[in-house]
Amino acid sequence: MPAAAPNPQPAGRHRRVYSDEGGKLSPFLPPEIFQKLQGAESRSSKKELTPLEEASLQNQKLKAAYEARMARLDPSQAMQKTSLTLSLQRQMMENLVIAKAREETLQRKMEERRLRLQEAANRRFCSQVALTPEEREQRALYAAILEYEQDHDWPKYWKAKLKRSPGDLSLVTSLLSHLLSLPDHPIVQLLRRLQCAVYSTLYPAVSRAAAPAPGCCPLTPNPGSRRLRPSQSLHCMLSPCEPSTAPWPQDSPPTPPLHPHPTGPPSPVGDIASGLPDKDSSFEDLEQFLGTSEWQGRAQGHGGQPEPQLQQLKSAVEDIHNAIDRLLSLTLLAFEGLNTAASKDRCLACIEEPFFSPLWPLLLALYRSVHQAREAALSRSMELYRNAPPTAIGIPTKLLPKDPEAKGTYPYCAAAQELGLLVLESCPQKKLECIVRTLRVICVCAEDYCPTSEATPQAGPQPIAAAAIGADDLLPILSFVVLRSGLPQLVSECAALEEFIHEGYLIGEEGYCLTSLQSALSYVELLPRGGLAKQ
């Protein structure tokens, strides 16, 4: 029988992928499209019609009614048609004349109000010296805020609430949430413009950094901040360069995969563990350990980044700091009740989340291009030691479960899962909270595995509820959690957090947790490669 003709399939919707001039695909939107998307929300807000626009709508309705009435008249009723036509012209002309007079009056009043508000802004920014361009722009934005407050009543209510409850931080959070939800407010419009400016700075730097070097895998950014599996972590980094005295040949074969064969001989865990440094000597004096020539050689010798990338990163970081400072100062100008230390910190936290959300994937891609050598070293250690027992990393047996196979999971599995949630966030403050939760989960697991009286006591105040373990035991446990997470991008995430976290957090519990994670990452990077050579 003849084969039936296949039914045409409907054209499915596809995801648009953008490419640059070279033809290679880019996971990030070009700056001009990003700017259009950021401005679409502002344009979608309802806009009040001007008097001329209202008159135009009225005239369209009159014309529609005139045409419908003319269609019902007989051809013999010529006098009535002429009368209706003249009446329509007269009404349309009157509407336009009245609307023009109203618009001129409205423009005159608006100009008078603008001059009055400009004088108020000038009095606020009065100075004996000439204003800088930034101060002139801030004065213009403050005048725009005063004009906005003339047309809206909600700022008055919020200012009255702040005056009645000056120390209520929940009120500050509610105010900032309401303010940032209004696309027509001058502060939100400034935030959009600053985001577009930073995005335009980051995009070309990331596009140039994403170009693969000869013989190396390209660095794939993580636009969706999705967790990578350990088997995929190496493919997102440049091939790690091992220290060697002889130069690598140009036609050398690619590096074989580091996954151990499931049916092969057992992994030499004993050999790997024998090559580890002593736990007490490595963690008690970690700063001296990180300052050795081996660390400097790995960080600078083979993984040194070209100067342009570092300069681009420094320039982008400076632009972001300046943008956040401008947004914060303008917010404090608009609401003087927020000008306290606690309210400033809360305002900063509320501003950072909407500011960083669209920018963090691109910013992280630039950080990963700069720290690609460290991420490659961390990825190699994760592949080598992913099946190593906790005791091989330096965790004492007293801080391990008595029956590790009872629950079917490895020790401190909950902490590794909590750490994996860090890459799903796009705000520095939420990422830092995820690190704090990870260390708290470690402490809870340690308390379950070991009674408090059997653990190593730690003198001095504890930033976290770590009664069961001390710093000497916390670092090897955290190193094991890092190995099990399979996330080499944690190096870049921590570097970005250290730059953008408010300095007030760096001296408290959050700073202690971030420093502990960075120390664990540095230790995992420097795990010996002897086990791989013997295998």
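Rings of Phe, Tyr and Trp (its six-membered ring) pair if their centres lie within 6.5 Å; planes under 30 degrees apart count as stacked, over 60 as edge-to-face and the rest as tilted. This is a predicted model, where local features need pLDDT of at least 70 and side-chain atom pairs count only at pLDDT 80 or more, while totals for chains, interfaces and linings use all residues. Residues are numbered from 1 along each chain as its sequence is written, and side-chain values use heavy atoms, with hydrogens and water left out.

**View A. An aromatic cluster built from Phe 355, Phe 356, Trp 360 and Phe 500.** These four residues belong to one cluster. Searching the whole structure turns up ten aromatic pairs.

**View B. Helix 15 crossing helix 21.** Helices here are DSSP runs (H or I, at least four residues; strands are E, at least two), numbered from the N terminus. The axes of helix 15 (residues 360-370) and helix 21 (residues 490-500) come within 9 Å and cross at roughly 115 degrees; each axis is a line fitted to C-alpha atoms over the stretch in contact, with angles running from 0 to 180 degrees between N-to-C directions. On the helix 15 side, Trp 360, Leu 363, Leu 364, Tyr 367 and Arg 368 make the contact (heavy atoms within 4.5 Å). Their partners in helix 21 include Ala 495, Ala 496, Leu 497 and Phe 500.

**View C. Phe 34 stacked with Tyr 199.** The ring centres sit 4.0 Å apart, with 5 degrees between the planes. It's a link between distant parts of the chain: Phe 34 is in helix 1 (residues 31-44) and Tyr 199 in helix 7 (residues 186-209), 165 residues apart. Phe 34 is buried at 6% relative accessibility, and Tyr 199 is buried too, at 4% (buried means under 20% relative accessible area, exposed over 50%, partly exposed in between, using a 1.4 Å probe and protein chains only).

**View D. Tyr 199 again, now with Tyr 203.** Here the centres are 6.3 Å apart and the planes at 15 degrees, so this pair is stacked. Tyr 199 and Tyr 203 are four residues apart in helix 7, which means about one helical turn separates them. Both are buried.

**View E. Tyr 412 and its positive phi.** Tyr 412 isn't a glycine, yet its phi is near 60 degrees. Tyr 412 lies in the loop between helix 17 (390-393) and helix 18 (413-420). With 0% relative accessibility, Tyr 412 counts as buried.
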